[in-house]
There are 2 protein chains.
Amino acid sequence: MNHPIGVIDSGVGGLTVVHELMRQLPKEKLIYIGDTLRCPYGPRPKKEVKKFTWEMVRFLLKKNIKMLIVACNTATAFALTELQENLDIPVLGVIQPGARSAIKATQTNHIGIIGTEGTIRSEAYPIALKSIKANISVSALACPLFVPMVEQGILSGEQAENVISDSLQTINKDDDMDTLILGCTHYPLIKETIQKVMGKDVTLISSSEETARETSTILDVHHLLNIEEKIPNHQFYATGNLNIFTKISQSIFKYENLGKLTIENVKI
Amino acid sequence: MNHPIGVIDSGVGGLTVVHELMRQLPKEKLIYIGDTLRCPYGPRPKKEVKKFTWEMVRFLLKKNIKMLIVACNTATAFALTELQENLDIPVLGVIQPGARSAIKATQTNHIGIIGTEGTIRSEAYPIALKSIKANISVSALACPLFVPMVEQGILSGEQAENVISDSLQTINKDDDMDTLILGCTHYPLIKETIQKVMGKDVTLISSSEETARETSTILDVHHLLNIEEKIPNHQFYATGNLNIFTKISQSIFKYENLGKLTIENVKI
C-alpha cells in the first residue's frame with residue numbers, strides 16, 4: 001500500500017526516527033511534522049502536550065497516512081493510548097519499542113533510562129518494562145538540558161561533552177546497569193558522546209532505531225508494506241523557523257541518498 | 001489474556017526461541033512441540049514439510065493457543081503463508097524477524113545467511129530481505145551438517161569446531177558482509193563457535209532472539225499480552241525419544257528459573 005507513514009515530534013528529534021525509517025524501509029513515503037515553534041514539550045503539562053499532539057495528528061490525517069508514529073517520548077507518554085483508541089490506523093509510540101529492545105539486551109535485568117522531565121515524570125518506561133518483566137530494576141534520570149542543546153545544533157565538542165557528563169553523573173554510578181535506553185528521540189544525535197561518558201560496557205538502546213524496526217513488523221502484520229519500487233518523495237514540515245531545522249536535517253541525511261525531500265514551514 | 005503461545009519445530013532447535021520467549025516474556029505460558037521423530041525437515045520435499053507442520057499445528061490448536069510461532073526456518077519457508085491465511089490467530093515465522101533485524105544491523109548492505117538446504121533452496125530470506133530493501137546483497141549457504149550434529153547434542157569442542165569451520169569456508173570469504181543471519185533455530189546453540197570462525201566484526205543475528213522480540217510486539221498490537229503475575233506452567237512435547245530432547249532442554253534451561261516445565265512424548 002503506497003500511502004505515506006505519518007511521523008510527529010515536538011521538534012527535530014523525530015528526524016532520527018525518520019532517518020531509520022528511510023534506512024530500514026526505503027520504499028515507504030514519509031510525512032514528518034516537527035512542532036519546532038513550541039519545542040520542547042518536556043516541561044509542559046500533560047493537557048497542553050495532548051492538545052499540541054492532536055493538532056499535529058489532525059494535520060497528518062488530512063494527508064491520508066496509513067500509520068502514525070509518535071516519534072516524541074513526551075507525546076507518547078501523555079497521548080499514545082488516547083490516539084490508539086481514537087484512530088483507525090496503527091499508532092506506534094517510541095516507548096514500547098525501546099522497552100522491548102532493552103529487555104532483549106539486558107543480562108543483569110537492570111536497565112537505565114534517560115529522557116525529558118515529562119517522560120521521566122510520567123514513569124512510562126518503568127511501567128512498560130515492568131508490565132512485561134516484573135523483576136526488571138530501573139534507574140531513571142531526567143536530562144532537561146539535552147533537548148535545548150540539540151535544538152541549537154550543539155551535537156559534539158567540549159561544551160556538549162561537559163553538559164552530558166555532568167548530567168549523567170548520578171546514573172553512571174549504577175554498576176550492574178548494563179543497558180541504557182535513550183528515551184528521547186533527540187538523544188541519538190549525541191549518542192557517541194553519551195557512549196563515551198557511560199563506557200563501552202553499557203548497551204545504548206536507541207528508541208529511534210527500534211521504532212523503525214517495529215514499524216516494519218507492524219506494517220507487515222497489517223499487510224500495509226509498500227511494494228512499489230518508486231523512489232519516495234518525503235515531505236517534512238516544521239511549525240517554527242526553518243534554519244536550524246534544515247541544518248539539523250542536513251547533518252542527519254547528508255551522506256545518503258534516501259529519496260527526494262521537501263521542507264516547508266506550516267501553521268497548525 | 002492468559003491463553004498459551006504455541007511453538008512448533010522440527011526438533012530441538014525451536015527451544016532456543018522458547019528460551020528467548022521465557023526470558024523476554026516471562027509471564028507467557030508456552031506449549032512447545034518438536035517433531036524429533038521426523039527431524040530434520042531440511043532435506044524433505046515441500047509437500048511433506050507442510051503435512052508434518054499442519055499435524056503439529058492441529059495438535060496445538062486443541063490446546064487453545066492465542067498465537068502460533070513457527071520456530072523452524074524450513075517450515076516457515078514452506079508453510080507460513082498458508083498458515084497465516086487459514087488460522088484466525090496471529091502466526092509468526094522465524095524468517096521475517098531475522099530479516100528485519102539484519103536490515104537494521106547492516107551498514108554495508110551485504111548480508112549473509114546460513115540455514116538448512118530447504119531454507120536456502122526456498123530463497124525465503126533473500127526474498128524477504130529484498131522485498132523490504134531492494135539494494136541488499138545476499139550470500140546464502142546451506143549447512144546440512146549443523147542440525148544433525150546439534151540433534152546429537154554436539155554443541156562445542158574440536159569436532160563441532162571442525163564441522164563449522166569447514167562448512168563456513170565459502171561464505172567466510174565475503175569481505176564486506178558485516179551481518180550473518182543464523183537462519184535455523186538450531187544454530188544459536190553453536191553460536192559461539194560460529195562467531196569464532198566468522199570473526200568478531202560480523203554481527204550474528206539470531207532468528208530466535210528476534211522472533212521472541214517480535215512476538216512481544218505482535219501480542220501488544222493485538223492486545224493479547226498476559227498481565228497475570230502467576231508463574232506459568234510450560235508444556236513441552238516431543239514426537240520422538242525423550243532422552244536427547246531432555247538433555248538439550250536441560251543444557252538450554254539449566255541455569256535459570258523460568259517457570260515450571262513438563263516434558264512428554266506424544267503421537268501426532
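## Chain contact and annotated site in a predicted model

In this predicted model, the side chains of B:Glu210 and A:Lys104 meet in a salt bridge, with an N to O distance of 2.6 Å. Across the interface of chain A and chain B, 8 salt bridges are found, and the count of residue pairs in polar contact, both at pLDDT 80 or more, is 20. On the side of chain A that touches chain B, the elements giving two or more residues are H1, helix H4 (95–105), helix H6 (124–132) and helix H10 (207–221) of chain A, and H10(A) gives the most, with 9 residues.

The contact takes 29 residues from each of chain A and chain B, and the area buried between the two chains is about 2,500 Å², with 47% of it given by carbon and sulfur atoms. Of the area that chain A buries against chain B, A:Arg23, A:Lys104 and A:Arg213 supply 28%, more than any other three residues.

Turning to the annotated site, an unreviewed UniProt entry lists A:Asp9, A:Ser10, A:Tyr41, A:Gly42, A:Asn73, A:Thr74, A:Thr185 and A:His186 under "binding site". These residues are spread over 178 residues of sequence but cluster in space, the largest C-alpha distance being 12.3 Å, and the lining of the largest cavity includes A:Asp9, A:Ser10, A:Tyr41, A:Gly42, A:Asn73, A:Thr74, A:Thr185 and A:His186.

Two of the listed residues are set out below.

Not counting residues up to four places away in sequence, A:Ser10 touches several residues, among them A:Tyr41 and A:His186, while the contacts of A:Gly42 include A:Thr74 and A:Arg121.

Definitions and conventions: Residues are numbered from 1 along each chain as its sequence is written. Chains are lettered from A and ligands numbered from 1 in the order in which they are written. This is a predicted model: local features need pLDDT of at least 70, side-chain atom pairs count only at pLDDT 80 or more; totals for chains, interfaces and linings use all residues. Side-chain values use heavy atoms; hydrogens and water are left out. UniProt positions are given in the numbering used here, feature names are shortened, and annotations may be inferred rather than shown by experiment. On a 1 Å grid over the protein atoms alone, a cavity is a set of points where a 1.4 Å probe fits but cannot get out, and a pocket is an open set with protein on both sides within 12 Å along at least five of seven lines; lining residues have an atom within 4 Å of a point. Contact means heavy atoms within 4.5 Å. Buried area is the accessible area (1.4 Å probe) that two parts lose on being put together, summed over both. A salt bridge is a side-chain nitrogen of Lys or Arg within 4 Å of a carboxyl oxygen of Asp or Glu. A polar contact is a pair of N or O atoms within 3.5 Å; within protein, one must be able to donate a hydrogen and the other to accept it, and residues adjacent in sequence count only if both atoms are side-chain atoms. Helices (H or I, at least four residues) and strands (E, at least two) are DSSP runs, numbered from the N terminus.
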